[in-house]
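Opening the notebook on this one.

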Amino acid sequence: MSSPTTGYTLHRNYTSSARLNAQHLLWKEALGYNLHPCIDLPRDQPVRVADIGTGTGIWMMDVKRDYPAARIDGFDVSFAQCPPAEWLPDGVNLRPLDLYEPLPAELEGVYDVVHLRLFFVVIRNDDPVPVFRNLLRMLKPGGWLQWSEHNYESWSVQSVAGVSTPALDEMMALMKATGLGRWVPGLSNVFAQHGMAEVRKELHPCIPHTRVYWSQLQFNSNEEYSYLAMDNSSPDAAGPKLRSLIHQAAEECRRGAGFDFTIEVTLGRKPPA
Ligand SMILES: C[S@@+](CC[C@H](N)C(=O)[O-])C[C@H]1O[C@@H](n2cnc3c(N)ncnc32)[C@H](O)[C@@H]1O
């Protein structure tokens, strides 16, 4: 598995949308919140929230339940996975934005909260700074940035007694070898170096029973990646080989094994003007 430097390497079809929606539930179970409790937003005010790379929009719909008066904008380069605008809750909007392009002036200093989740296949050249700078510009002074990702440093394979895991181990090694997400553990330093206040990094360990669920989602995304970002030119090429490995890993998972994923949440506040 090599690491691409540009281009989105996951599908936007119905299975990948279902994967994102299921992942939202696991993510929330691991964190215990949508917005970190230190972000003290009034629930009865039209606070402005931006969800960057909103995908299916599922995080926004959940936040809207918690903050009924909030105005929430979901930004993405594609809305192929979102419900039609006509069916969105009042106060939830979709807005096209490419985080790698200069930020439109009307988005500067608008948001009380900017949220971003799962950008590890989006960040180019191992460098989150170009994206981070745009996020910072979108915040009001005193506004919060919440950015959560998988923490690859602490990924492992776990199994119950007697179950061996050669395929899961090999997949884990391949995933780590891509280098995708290598920048995640340094994100809190990026926040601090750019003058953010109240920076904190929190690690949320994998809840044991969810290892199987996370693994099933990971099999899906690795399968998508194998078609979109790997060599599929012959039956022996990297893409078909990974898909065969996924089938063996899924069998190990059924016998009592799985990936153990830690989630890392980085938080920081734009200094007051
Ligand atoms: C892995 S999905 C995560 C979706 C969502 N944040 C979630 O957690 O369910 C990454 C999202 O980033 C979007 N994306 C990719 N490149 C982008 C860019 N340059 N600017 C903004 N969004 C982008 C993709 O279209 C996709 O919806």
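I started with the crossing of α4 and α7, which is left-handed (the near helix is turned anticlockwise from the far one by less than a right angle; clockwise would be right-handed). Helices here are DSSP runs of H or I with at least four residues, strands are runs of E with at least two, and both are numbered from the N terminus.

Ground rules before going on. This is a predicted model, where local features need pLDDT of at least 70 and side-chain atom pairs count only at pLDDT 80 or more, while totals for chains, interfaces and linings use all residues. Residues are numbered from 1 along each chain as its sequence is written.

**α4 against α7**

I looked up the geometry: α4 (residues 166–178) and α7 (residues 238–256) pack at about 130 degrees with axes 8 Å apart. Axes are lines fitted to C-alpha atoms, for helices over the stretch in contact, and angles run from 0 to 180 degrees between N-to-C directions. The pair is therefore oblique (under 35 degrees is roughly parallel, over 145 roughly antiparallel, 65 to 115 roughly perpendicular, the rest oblique).

On the α4 side I find Ala167, Leu168, Glu170, Met171 and Leu174, meeting Leu242, Leu245, Gln248, Ala249 and Glu252 of α7; contact means C-beta atoms, placed from the backbone, within 7 Å. I sorted this contact into 7 nonpolar, 1 polar and 2 charged residues. Ala, Val, Leu, Ile, Met, Phe, Trp, Tyr, Cys and Pro count as nonpolar, Asp, Glu, Lys and Arg as charged, and the others, Gly among them, as polar.

**α6 against α7**

Next I checked α6 (residues 210–228), which packs on α7 at about 170 degrees, axes 9 Å apart. So these two are roughly antiparallel. Among the contact residues I noted Phe219 and Tyr227 of α6, and Leu242 and Ile246 of α7. By class I get 8 nonpolar, 4 polar and 2 charged.

**α1 against α6**

How do α1 and α6 cross? Their axes come within 10 Å and cross at roughly 150 degrees, which makes α1 roughly antiparallel to α6. The contact includes Arg19 and Leu26 of α1, with Trp214 and Leu217 of α6. I count 5 nonpolar, 6 polar and 3 charged residues there. This crossing is left-handed.

**Whole chain**

Last, I logged 7 helices and 9 strands for the protein. The C-alpha atoms fill a box of roughly 55 × 40 × 40 Å along the principal axes.

Definitions and conventions
Contact = placed C-beta atoms within 7 Å.
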